[in-house]
Amino acid sequence: MKISHIKSSELITNKWAGGTTTQLAIFPENASYKDRDFLFRISTATVESEESVFTKLQGIQRKLMILDGEIKIEHEGHYSKIIKKFEQDEFSGDWDTKSYGKATDFNLMAREKATGEIEAYTVSDFIKLKVNEDFDYLGIYLYTGKAGIKISNQDYLLNSSDFCSFLTEKEEIEIYIEPIVKSEFIITMVKFG
C-alpha cells in the first residue's frame with residue numbers, strides 16, 4: 001500500500017477569480033486540472049469576494065464543504081441554500097453557480113463513474129475509524145491542530161494543513177488518530193466506479 005504524506009509547505013496555492021485554491025490531490029497523479037483529464041480532484045479554497053461565480057465544469061460532480069465562515073450558494077434554476085461550517089452541498093459542475101459571503105471551503109470534484117464522500121471530524125481524544133472495502137482511495141486532511149495517525153502499521157505526524165492519502169486496494173482499513181491538540185480532520189473516500 002502506497003501512502004503519501006504531503007506537508008502543507010509542499011502544497012501549491014493558485015489564484016482563482018474569487019480567492020485562492022490549494023490542490024491537495026489529483027488522480028491520476030499526472031492529470032491536470034487545467035486539462036480536465038482527472039478522475040477526481042481534492043482541494044481547498046478561500047472565497048474572498050462577497051459575490052463569486054463558480055467556474056463551469058462540464059461532466060464533473062462537485063461536493064463542497066465549508067471549513068470556516070458561511071456562504072449562500074445559488075444554483076440558477078435549481079435551488080439555493082446557506083452552508084455553514086462542516087455543512088456541505090453536492091451539485092453538478094454544469095450548473096450556473098454563484099456564492100455570497102466569505103469562507104474557506106473543501107472541494108471534491110469527480111467525473112465519469114467516480115463518486116466520493118467527505119466527512120468532518122473534530123477530535124480531542126484518540127479515535128479509531130474504519131473505512132470499508134467499497135472505497136478505492138482515502139484522503140485525510142488535517143484542517144487545524146496536530147495529530148498522530150496510524151494506518152497499516154505506519155505512523156505519521158500531521159500538522160495543520162497536511163494531507164495524507166493512499167489507495168485502499170479494496171480492503172477494510174482501520175485508521176487510528178491520536179490528537180496532540182484538539183484537531184479538525186476532513187476524510188475523503190472515493191470509489192473509482
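I looked up the lining of the largest pocket by class: 19 residues are nonpolar, eight are polar and seven are charged. The model is predicted, so to speak of local features I need pLDDT of at least 70, and side-chain atom pairs count only at pLDDT 80 or more, while totals for chains, interfaces and linings use all residues. Residues are numbered from 1 along each chain as its sequence is written, and side-chain values use heavy atoms, without hydrogens and water.

I noted that 34 residues line this pocket, with Gln23, Leu24, Ala25, Ile26 and Arg41 nearest its centre. A pocket here is an open set of points on a 1 Å grid over the protein atoms alone, where a 1.4 Å probe fits, with protein on both sides within 12 Å along at least five of seven lines; lining residues have an atom within 4 Å of a point. S3 gives the most to the lining, six residues; strands are DSSP runs (E, at least two residues) numbered from the N terminus.

Next I checked arginine 41, in strand S4.

Last, I found a cis peptide bond between phenylalanine 27 and proline 28, with omega about -5°. Proline 28 lies in the loop between S3 and S4.

How values were computed. Helices (H or I, at least four residues) and strands (E, at least two) are DSSP runs, numbered from the N terminus. Ala, Val, Leu, Ile, Met, Phe, Trp, Tyr, Cys and Pro count as nonpolar, Asp, Glu, Lys and Arg as charged, and the others, Gly among them, as polar.
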